[in-house]
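We will walk from strands to a loop and then to some charged pairs.

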Amino acid sequence: MNILCFGDSNTFGISPVDGKRLSEIERWPTLLKQQLGTGFEVIEAGEPNRTLVNNPPFMGDKSGIKYLKPYLEAHTVDVVIIQLGTNDLKARFALSAIDIGKALEELILAIKAFYHCKTIPKIIIISPPKVHEVGSYKSIYAGAGKKVEQLSIEFKAAADRHTCEFLDCYLLIQSCKKEGIHLPVSEHRELANRLTPIIKKPPCIKHSDFNLLLRECIKMRN
């Protein structure tokens, strides 16, 4: 089983202590691979500063960002984990939680459209953790502390609408209170622990979802 971890600097594994990348025994995608064991491969696709809205992550090439579509084309993917949204909360973008939630929904739809009538990978949405407006991030993320809570609600709603799995990191995972946005090593470990049973859980397709997929396939064939 191939698992694609697509996200921002918290997927890449930036340390809140020194700003460097955490080692393979510290960041959550590689910890996840260790926990899952034989038969599971984890593809790391985290990129610092990646956003949902201003740099649409499915296609295109802006600010040196690597996008999602090339990964889907290059790999047979069984699970896609999306960890985005934190960078969209920067004050300079002036985006609402609803704006960011809509962009996530567009990304989910793009993933499903990419596979047409083929088997769609399990999609796991991770909402951003709390943002602490402190230090060098105080002005950059002004107002994000309150907005991120609403964002977790928007992300869950999008996940529910499109039958995706959802992990609420706003409630379950703690970003570094001194640094502001990045996860301490202990929280990378906790995130891997939380993801493991979600990945191993058998897929459950509702009857209504099956009928919807069937109708879409029939339309494409006609």
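Start by selecting strand β1 (residues 2–7) and strand β2 (residues 41–46): the two run parallel and are joined by 6 bridges. Strands here are DSSP runs of E with at least two residues, helices are runs of H or I with at least four, and both are numbered from the N terminus. Two strands count as paired if DSSP finds at least two bridges between them.

Before going further, note that this is a predicted model, in which local features need pLDDT of at least 70 and side-chain atom pairs count only at pLDDT 80 or more, while totals for chains, interfaces and linings use all residues. Residues are numbered from 1 along each chain as its sequence is written, and side-chain values use heavy atoms, with hydrogens and water left out.

Now zoom in on Ile3, and you will find Val42 of β2 opposite. How many of the 6 residues of β1 are buried? The count is 5, so the strand is mostly covered; buried means under 20% relative accessible area, exposed over 50%, and partly exposed in between (1.4 Å probe, protein chains only).

Next, select Ser15, in the loop between α1 (9–12) and α2 (28–36). Ser15 counts as buried because its relative accessibility is 7%. Its side chain reaches the backbone nitrogen of Val17 at 3.0 Å and makes a polar contact with the side chain of Asp18 at 3.4 Å. A polar contact is a pair of N or O atoms within 3.5 Å; within protein, one must be able to donate a hydrogen and the other to accept it, and residues adjacent in sequence count only if both atoms are side-chain atoms.

On to the charged pairs. A salt bridge puts a side-chain nitrogen of Lys or Arg within 4 Å of a carboxyl oxygen of Asp or Glu, and the count by this rule is 7. Select Arg27 and Glu44, whose closest N and O atoms are 2.7 Å apart. This pair links distant parts of the chain, 17 residues apart: Arg27 is in the loop between α1 and α2, Glu44 in strand β2. Arg27 is buried at 6% relative accessibility, whereas Glu44 is partly exposed at 27%.

Finish in helix α5, where Asp160 and Lys156 lie 4 residues apart, about one turn of the helix. Their side chains meet in a salt bridge at 2.8 Å, N to O.
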